[in-house]
Amino acid sequence: MEVMAKDQWIPTQDDFDAFARVSGDDNPIHVDPEFSARTAFGRTVSHGMLIYSKLWGLLQRTHPNARQLRQSMMFPNPTYVGDEVILQVKGHLPGHIDMVAHRAADGAKLLVGKAEVA
């Protein structure tokens, strides 16, 4: 079965903070605006796995019985609070899917991944 799903998300600091609480990853680059302001990013950035969770949730909404067998992903650019993110999932079930998240304003890829799904 061919899969094509698309959505948008505007991340908030509350999203980053909630994911830090759930995941235990409270690195200040994600949760401390004052610390992050002094880094090369200049502000907090999303956890990569938060973006992946948004993409997996998109797939689950359209295919609730899908099970992930393995995945690979890269995070070429940071995701910031307030930036509109376009989430896309394409591929075949069962089989392989491509997952991409990009910034709406400039098209910068934020997550590029593949998953094998049963």
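Strands E3 and E4 form a hairpin, with two residues lying between them. The model is a predicted one, and the mean pLDDT of its protein chain is 96, with 100% of the residues reaching 70 or more.

**Strands and hairpins**

- The pairing of E3 (85-92) with E4 (95-103) is antiparallel and runs over seven bridges.
- Within this pairing, Val89 has Met99 of E4 as its bridge partner.
- E4 is also joined to E5 by eight bridges, and these two strands run antiparallel.
- One of the residues involved is His102, whose bridge partner in E5 is Lys109.
- E4 and E5 form a hairpin as well, with five residues between them, and in its turn Gly107 has a positive phi of about 75°.

**The largest nonpolar core**

- The largest nonpolar core has 25 residues, and those with the most contacts inside it are Leu59 and Val89.
- At least two residues of this core come from each of strand E1 (2-9), helix H1 (13-23), helix H4 (48-62) and the strands E3, E4 and E5 (109-117).
- H4 gives the most to this core, supplying seven residues.
- Leaving aside residues up to four places away in sequence, Leu59 touches Val3, Ala66, Val89, Leu93, Ile97 and Val117, so that Val89, itself named with Leu59 for having the most contacts inside the core, is among the residues that Leu59 touches.
- As a general background, nonpolar side chains in soluble globular proteins tend to be buried together.

- In H1, the buried residues are Gln13, Phe16, Phe19 and Ala20.
- Seen down the axis of H1, these buried residues fall within an arc of 130°, and they therefore line one face of the helix.
- An α-helix has 3.6 residues a turn, which means that residues three or four places apart point the same way.
- The buried residues of H1 pack against helix H2 (28-31), helix H3 (33-37) and H4, whereas Asp14, Arg21 and Val22, on the other side of H1, are exposed.
- After H1 comes Gly24, which has a positive phi, near 85°.

**Confidence along the chain**

- In the protein chain, confidence is highest in H1, at a mean of 98, and lowest in E1, where the mean is 94.

Notes. Residues are numbered from 1 along each chain as its sequence is written. This is a predicted model: local features need pLDDT of at least 70, side-chain atom pairs count only at pLDDT 80 or more; totals for chains, interfaces and linings use all residues. Side-chain values use heavy atoms; hydrogens and water are left out. A nonpolar core is a set of buried Ala, Val, Leu, Ile, Met, Phe, Trp, Tyr and Cys residues joined through side-chain atoms within 4.5 Å. Buried means under 20% relative accessible area, exposed over 50%, partly exposed in between (1.4 Å probe, protein chains only). Helices (H or I, at least four residues) and strands (E, at least two) are DSSP runs, numbered from the N terminus. Contact means heavy atoms within 4.5 Å. The arc is that of the directions from the helix axis to the C-beta atoms. pLDDT is the predictor's confidence in each residue, from 0 to 100. Two strands pair if DSSP finds at least two bridges between them.
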